[in-house]
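Hi,

Here is the model I promised to pass on. Please have a look at it first, and then read my notes below.

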Amino acid sequence: MAATMIHRHRLATRVWHWINAVAIFILIGSGLGISNAHPRLYWGRYGANFDHAWAQLPRFPAWLTIPASYNLAISRRWHLFFALVLGFSLLAYMIVSLLNRHFQRDLRVRRRDVGTAHLRADVRAHLALRFHDPEAPGEYNALQKLSYVAVIFFALPLVIFTGLALSPGMDAAWPWLLDLFGGRQSARSLHFIAMVVIALFTIVHLALVILAGWRNELRSMLTGWWRVPE
């Protein structure tokens, strides 16, 4: 019996996915390198060695940082360049996805998606390694919708705007950014928290891709065509 193939991902989604994957990987690595310069997090406007820190971060090992050897200047260069890549690619993706109705068609969260019974059923299906609805295999399930919406519309914008608040140049142009986040150190703390959320999402995403059949999932994100599992 021939396998059923459906076109699941449009070109804009596939291009943004791979640009975003590279940018996130480099931003996390370079950001951990920057964190090693002062591994403490504060709330408010000020933060120095003798101020009270709400979190003492570990010193991240060389295999997690970019570059591998401690070099704050190079870490910042990588971080700032790929922050621009992340920000402008997200903006372009959002514009295109509104125009081609990808958000409205595929990621719209309906009332039934957040119902307790529906969410419980989705969790049970995931635990049983069933990741799609046989009656509508091309649709995203409720957990996918909620996680993608949380990352695209909340975590990524938060990490971008808190990053802008950490730039002295942007503070001069948009001084309201620091007021919005309660000070530079609060923005830095929120920036780190958003990064952790994105990193955890990435780990879970990769694990589910492997469990769902990485060849099929990889092909769909390269060509757009996805084979419906039997």
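Does L129 count as buried, partly exposed or exposed, and at what relative accessibility? L129 counts as partly exposed because its relative accessibility is 48%, where buried means under 20% relative accessible area, exposed over 50% and partly exposed in between (1.4 Å probe, protein chains only). L129 sits in the loop between α4 (116-127) and α5, and its phi is near 65 degrees, a positive value in a residue other than glycine.

Some ground rules before the rest. This is a predicted model, in which local features need pLDDT of at least 70 and side-chain atom pairs count only at pLDDT 80 or more, while totals for chains, interfaces and linings use all residues. Residues are numbered from 1 along each chain as its sequence is written, and side-chain values use heavy atoms, with hydrogens and water left out.

Now the overall picture. The chain has eight helices and four strands; helices (H or I, at least four residues) and strands (E, at least two) are DSSP runs, numbered from the N terminus. Their order from the N terminus is β-α-β-β-α-α-α-α-α-α-α-β. The C-alpha trace spans about 65 × 40 × 35 Å along its principal axes, and 37% of the 230 residues count as buried. Taking contacts (heavy atoms within 4.5 Å) with a separation of 6 or more, 70% come from residues 24 or more positions apart.

Helix α1 (residues 11-35) packs against α2 at an angle of about 155 degrees, with the axes 8 Å apart; axes are lines fitted to C-alpha atoms, for helices over the stretch in contact, and angles run from 0 to 180 degrees between N-to-C directions. Therefore α1 is roughly antiparallel to α2, a label used for angles over 145 degrees. The residues of this contact divide into 18 nonpolar, eight polar and one charged. Here Ala, Val, Leu, Ile, Met, Phe, Trp, Tyr, Cys and Pro count as nonpolar, Asp, Glu, Lys and Arg as charged, and the others, Gly among them, as polar.

Within α2 (residues 72-99), S75 counts as buried because its relative accessibility is 1%. Not counting residues up to four places away in sequence, S75 touches S30, G33, I34, I66 and P67.

Two of those partners are worth checking in your viewer. The peptide bond from I66 to P67 is cis, with omega near -5 degrees, and P67 is found in the loop between β3 (55-56) and α2. R59 lies in that loop too and counts as exposed, because its relative accessibility is 56%. Leaving aside neighbours within four places in sequence, R59 is in contact with N36 and Y70.

At the other end, α2 is followed by R101, whose phi is positive, near 65 degrees. R101 is found in the loop between α2 and α3. For context, most residues other than glycine have a negative phi, and most peptide bonds are trans.

Best wishes

Definitions and conventions. Parallel < 35°, antiparallel > 145°, perpendicular 65-115°, else oblique.
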